[in-house]
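Here's a quick tour of a protein model for you. Take a look at the structure below, then read on.

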Amino acid sequence: MDLDSMKRILDYSEQEHKAIWEIVLESDMENRMVSREASWEKMRHTWRAMVESADAYSGDLRSRSGLVGGDGRKVSDYYETHASIGGTFTAQVISQALAMGENNACMRRIVAAPTAGSCGVMPAVLIPLWRREKIPEDRMLEALYVTCAIGSVIASRASISGAAGGCQAEVGSASAMAAGALTYLQGGSSAQICHAVAIAVKNLLGLVCDPVAGLVEVPCVKRNVIGAMNAIAAADMAVAGVESRIPVDEVIDAMGDVGRRLPVEFRETAQGGLAVTPTGRAVQQRMQQSRKRYRTLTIKDSRWKLAAAQPDQTENGASDA
Ligand code: SF4
């Protein structure tokens with residue numbers, strides 16, 4: 001079936017007595033013409049890549065701009081030595097979200113979920129919970145199938161791209177996907193998954209995309225934290241029985257509408273919000289100068305290499321342009 005309406009997925013789930021993850025699995029088999037095992041193994045591969053990326057984090061890494069790096073480790077050092085305000089689990093989620101955002105900014109391998117900029121949200125909530133509750137891997141894969149339904153509906157009705165719909169579409173979508181997965185893992189019903197998605201999207205509605213110097217670093221890395229915390233709050237509310245007064249598909253449509261109306265300055269152009277603060281502009285200028293310097297060095301460097309590779313010609317002055 002087409003995954004373009006949470007309501008349709010929910011109705012089908014209730015009529016057929018099928019979990020959302022099963023509906024997505026069947027849809028994947030049909031769309032990609034693969035066996036159940038092949039679909040399952042692809043999802044396992046994605047999950048393991050996510051865990052490997054989290055485990056590969058190093059607090060010593062810094063992004064090329066120098067703006068990002070080491071914060072994930074700071075928070076993990078903090079919760080290991082202090083009683084953090086939100087408790088250890090919350091601190092682990094924060095640390096994991098920062099670490100994955102930093103992995104992305106430092107060009108490490110990540111799983112875009114749904115995008116690279118928002119890659120920290122899902123692992124931030126799923127990995128600490130998986131470890132704490134010792135959840136079987138297959139159940140984590142089921143939760144990932146649930147996230148696919150949510151991401152697919154948002155992509156088809158609204159957007160998952162910051163350039164098209166602002167950060168509400170990127171971190172907001174990741175947060176909604178994570179909220180749905182958490183609700184599922186907490187034993188929530190399909191209807192509760194839909195409420196969790198609606199609540200998560202509503203809470204981040206209108207969030208603009210304003211990356212400093214056009215780099216997916218500031219404020220992106222820390223926004224993954226709010227996406228993760230929002231997902232936990234939305235899932236806990238939904239499982240507790242709190243309902244979204246606005247149906248989930250209408251919430252997603254509203255997010256699409258807000259995204260389309262956002263001025264271009266707030267859609268990944270680095271022309272608005274934090275990107276044009278005095279500090280944001282100074283960073284941009286510094287990056288432009290360093291890019292220019294880097295380009296000059298590269299050109300000189302390649303001329304030197306060319307000369308070294310063709311000594312005869314150079315000696316004859318043939319290529320010493
Ligand atoms: S601010 Fe823009 S680039 Fe950064 S995470 Fe949000 S949508 Fe992505």
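Predicted model: local features only at pLDDT ≥ 70, side-chain atom pairs only at ≥ 80, totals over all residues.

Residues are numbered from 1 along each chain as its sequence is written.

**The whole chain**
- The protein chain has 14 helices and 0 strands (DSSP runs numbered from the N terminus: H or I of at least four residues for helices, E of at least two for strands).
- Its C-alpha trace spans about 80 × 45 × 45 Å along the principal axes.
- Out of 321 residues, 46% count as buried, meaning 20 or more other C-beta atoms, placed from the backbone, lie within 10 Å of a residue's own.

**H6 meets H11**
- Helix H6 (residues 121–133) and helix H11 (residues 220–240) pack at about 50 degrees, with axes 8 Å apart; axes are lines fitted to C-alpha atoms over the stretch in contact, and angles run from 0 to 180 degrees between N-to-C directions.
- H6 and H11 are therefore oblique to each other, the label for angles that are not under 35 (roughly parallel), over 145 (roughly antiparallel) or 65 to 115 degrees (roughly perpendicular).

**Two domains**
- The domain assignment, automatic or from a database, gives domain 1 (6–270) and domain 2 (280–315).
- Their C-alpha centres lie 40 Å apart.

Terms used. Buried ≥ 20, exposed ≤ 12 C-beta atoms within 10 Å, placed from the backbone.
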